[in-house]
Amino acid sequence: MNIFVKPVIFLVIFSILHFGYDLTNWSFLTPFCGIDESIFQHLKMAFWAYLFASIIEYLLIKKRIEKNSSFWYSRFLSTIILPWYIFLIWYLVPAIFGKTGSSTIELFWALISSYLSGLFATITEKNTGKSEFDSASRIVIIVLLVASAFLYIKFTYQLPWVDMFVNPESI
């Protein structure tokens with residue numbers, strides 16, 4: 001699949017997950033969809049959106065895949081890392097310019113940073129997809145994938161005791 005197409009698929013799925021719960025109120029969507037505008041919810045949506053985009057990619061190109069295991073482990077690794085790409089890229093604007101004060105600029109930056117994150121993940125997986133993953137690497141990837149999914153679901157229903165940017169000594 002073209003490296004510029006998968007990030008578009010990711011962005012479309014991300015948008016569906018962003019508005020899916022609000023539009024339907026279907027409780028079974030809660031683990032995958034955003035339920036508020038927190039950073040955590042956006043990272044969760046990115047995780048699921050990229051995993052779903054990888055499943056779509058597989059369905060579209062499965063006949064051309066040489067090694068299924070290399071395909072899936074590279075996609076799982078990208079799925080784990082992508083939310084952190086979003087975190088790193090999105091926070092560049094607040095770090096450099098502070099609060100923009102414009103919802104239009106924030107929305108534009110959110111779309112650009114999400115697309116770039118999808119692009120970076122796709123580039124990463126194209127290179128890691130050429131690799132042979134040994135047993136230890138496979139175990140690490142599966143453990144991190146399952147841990148990520150668990151945390152995204154668990155913290156949707158029960159937030160942790162401390163926020164990412166709050167000094168725990170101030171609580």
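I'll start with helix H5, residues 103-128. At 1.5 Å a residue, its 26 residues should span 38 Å, and the end C-alpha atoms lie 37 Å apart, so the two values agree. This is a predicted model, so please keep that in mind throughout.

Which residues of H5 are buried? The list is Trp109, Ser113, Ser114, Ser117, Gly118, Leu119, Ala121, Thr122, Glu125 and Thr128. The cover over them includes H1, H2, H3 and helix H4, residues 92-97.

Glu125 brings me to the charged pairs. There are six salt bridges in the whole structure. In one of them, the side chains of Glu125 and Lys6 meet at 2.7 Å, N to O. Glu125 belongs to helix H5 and Lys6 to helix H1, so this pair ties together parts 119 residues apart in sequence. Glu125 and Lys6 are both buried.

Next, Glu57 and Arg75 form a salt bridge at 3.0 Å, N to O. Glu57 sits in helix H2 and Arg75 in helix H3, so the parts tied together here are 18 residues apart in sequence. Both of these residues, Glu57 and Arg75, are buried as well.

Lys67 and Glu132 make another salt bridge, at 2.3 Å, N to O. Lys67 is in the loop between H2 and H3, Glu132 is in the loop between H5 and helix H6 (135-157), and the two are 65 residues apart. Lys67 is partly exposed at 40% relative accessibility, and Glu132 is exposed at 52%. Through shared partners, salt bridges also join Lys6, Glu57, Arg75, Glu125 and Lys126 into one network.

Now the aromatics. The structure has 20 aromatic pairs. Take Phe10 and Tyr50: the ring centres are 5.8 Å apart and the planes are at 65 degrees, so the pair counts as edge-to-face. Phe10 is in helix H1 (residues 5-24) and Tyr50 in helix H2 (residues 39-61), so the pair ties together parts 40 residues apart in sequence. Phe10 and Tyr50 are both buried.

Tyr73 and Phe76 are also edge-to-face, because their planes stand at 80 degrees, with ring centres 6.3 Å apart. These two are three residues apart in helix H3 (residues 68-90), which means about one helical turn separates them. Tyr73 is buried, at 16% relative accessible area, and Phe76 is buried, also at 16%.

There is one aromatic cluster made up of Phe32, Phe40, Phe47, Trp48, Phe52, Tyr152 and Phe155.

Last, the surface. Val8, Val12 and Ile16 form a nonpolar patch with about 260 Å² of accessible area together. Val12 is in helix H1 and is partly exposed, at 46% relative accessible area.

Note on methods: Residues are numbered from 1 along each chain as its sequence is written. This is a predicted model: local features need pLDDT of at least 70, side-chain atom pairs count only at pLDDT 80 or more; totals for chains, interfaces and linings use all residues. Side-chain values use heavy atoms; hydrogens and water are left out. Rings of Phe, Tyr and Trp (its six-membered ring) pair if their centres lie within 6.5 Å; planes under 30 degrees apart count as stacked, over 60 as edge-to-face and the rest as tilted. Helices (H or I, at least four residues) and strands (E, at least two) are DSSP runs, numbered from the N terminus. Buried means under 20% relative accessible area, exposed over 50%, partly exposed in between (1.4 Å probe, protein chains only). The expected span of a helix is 1.5 Å times one less than its number of residues. Contact means heavy atoms within 4.5 Å. Patches are made of residues with over 30% relative accessible area and no salt bridge: like charges are joined within 9 Å, nonpolar side chains (Val, Leu, Ile, Met, Phe, Trp, Tyr) within 5 Å. Accessible areas come from the Shrake-Rupley method with a 1.4 Å probe; for residues, only the protein chains shown count as cover. A salt bridge is a side-chain nitrogen of Lys or Arg within 4 Å of a carboxyl oxygen of Asp or Glu.
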